[in-house]
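Q: Can you walk me through this model? I'd like the ligand site, then the domains.

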Amino acid sequence: MGNNLRGVLRAHSVKKGKTVLLRIDTDVDFVGGKILDDTRLTACDKTLSYLLKKGADVILLGHLGRPTESQKSKIKSQKYAEEFSLEPVAKWFAKHYKGIVEKRMIGEFEGWEITPHLHLLENLRFFSGEEANDKEFSRSLSILGDFYVNDAFAVSHRSHASIVGIAELLPSYAGFHLEKEIETLGNILKDPKRPLTVLIGGAKIETKLPLVEKMHRIADYVLVGGEIAEQDAMLIKVQHEKINPPAGGKKSAVLVADNISSGLDITDKDAENFIQILDISKTIVWNGPVGKMGVTETERNTLRIAKAVASSKAYTVVGGGDTLALLKEHNLLNKFSFVSTGGGAMLEFLSGKELPGIEALKK
Ligand code: 3PG
């Protein structure tokens with residue numbers, strides 16, 4: 001791989017009777033208990049099937065959403081806020097791996113048995129120790145297994161216990177999907193076909209705002225729409241003013257869309273400006289819808305933009321839970337050159353930042 005990462009193929013001693021803790025991306029969107037898009041779940045299939053084939057017992061680790069402090073559990077067996085439960089994810093695995101959904105204690109953790117060789121732990125963000133990367137919490141996870149494999153690219157930008165802490169305590173490897181993300185996004189970073197356009201929308205503004213600034217340095221065009229454009233248009237423009245052009249090059253052009261009065265979509269004029277740029281781009285990286293989803297009469301421009309990226313002849317990369325759900329709903333997901341499971345993680349990686357979850361696998 002040429003990046004010092006230990007891939008799962010190097011985990012020669014994973015065999016029958018050994019337990020692998022496999023961190024995966026389980027942070028998916030739901031409507032009425034139904035998973036809107038399962039791209040993040042299917043992403044781990046190659047690694048999971050490989051480990052099961054080797055005869056390993058696999059315990060899946062994941063999180064869902066951002067439970068607040070009061071929705072977290074202080075002790076491991078306490079009742080949790082149900083809307084953040086991973087039970088629908090357990091059901092998904094039961095369906096796809098011909099299993100059942102049987103509640104079980106796994107060590108001190110609640111979870112589910114899917115098959116005798118496959119288990120899933122309940123949402124790790126129910127415990128403060130997860131996000132705090134607490135040593136004791138990492139240890140309580142690590143004693144459940146012999147090896148750790150990270151296939152959760154979308155959360156590898158977080159220094160959390162199930163991403164970083166645990167990798168320091170067990171022999172640790174990168175899953176196939178994580179390797180693929182690093183390779184594909186790494187190529188874009190090194191030598192993108194230009195013009196390179198980065199399109200950013202959606203929520204999680206505190207994560208994205210610093211990344212928009214970084215994108216000015218790598219992209220030819222930065223297009224910003226949605227909630228982040230509405231709340232921070234001025235700041236984005238000021239940040240852009242301050243950027244010096246790279247030596248021998250030009251700095252990016254930035255376009256920040258105005259929203260229609262309801263705030264649910266961008267204006268027709270800005271949608272046209274965006275589409276003109278998308279049409280001339282040779283590489284497009286997209287994270288975050290430019291309007292609110294599921295509001296039929298107002299998602300016109302959100303969809304127009306989605307269709308413009310999907311039908312472009314450019315190399316197209318898309319990532320982020322909401323974006324994938326939008327594309328899935330409109331059957332556009334298979335039109336992209338590469339689908340990243342990462343939202344914030346994808347943007348951080350492309351901005352040149354070292355992701356703690358990836359660095360932890362190199363130590
Ligand atoms: C995501 O949805 O981007 C990942 O699951 C990370 O979620 P977070 O921004 O809540 O850490």
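A: A term to begin with: a polar contact is a pair of N or O atoms within 3.5 Å; within protein, one must be able to donate a hydrogen and the other to accept it, and residues adjacent in sequence count only if both atoms are side-chain atoms. This is a predicted model, where local features need pLDDT of at least 70, side-chain atom pairs count only at pLDDT 80 or more, and totals for chains, interfaces and linings use all residues. Residues are numbered from 1 along each chain as its sequence is written, and side-chain values use heavy atoms, with hydrogens and water left out.

Q: How far is the side chain of arginine 40 from an oxygen atom of the ligand?
A: An N or O atom in that arginine 40 side chain is 3.0 Å from a ligand oxygen.

Q: And histidine 63 and arginine 125?
A: For histidine 63, a polar side-chain atom lies 3.2 Å from an oxygen atom of the ligand. For arginine 125, that distance is 2.8 Å.

Q: How much of the ligand's accessible area does the protein cover?
A: 94% of the 310 Å² that the ligand has on its own (Shrake-Rupley method, 1.4 Å probe).

Q: Which residues surround the ligand?
A: Asp27, Arg40, His63, Arg66, Arg125, Ala154, His157, Arg158 and Lys204, each with a heavy atom within 4 Å of it. By class, that shell has 6 charged, 2 polar and 1 nonpolar residues.

Q: Switching topic. Where are the domains in the chain?
A: Domain 1 spans 9-176 and domain 2 spans 184-350, with bounds from an automatic or database domain assignment. Their C-alpha centres are 30 Å apart.

Q: How many residues does each put into the contact?
A: Domain 1 gives 14 and domain 2 gives 21, counting heavy atoms within 4.5 Å.

Notes:
Ala, Val, Leu, Ile, Met, Phe, Trp, Tyr, Cys and Pro count as nonpolar, Asp, Glu, Lys and Arg as charged, and the others, Gly among them, as polar.
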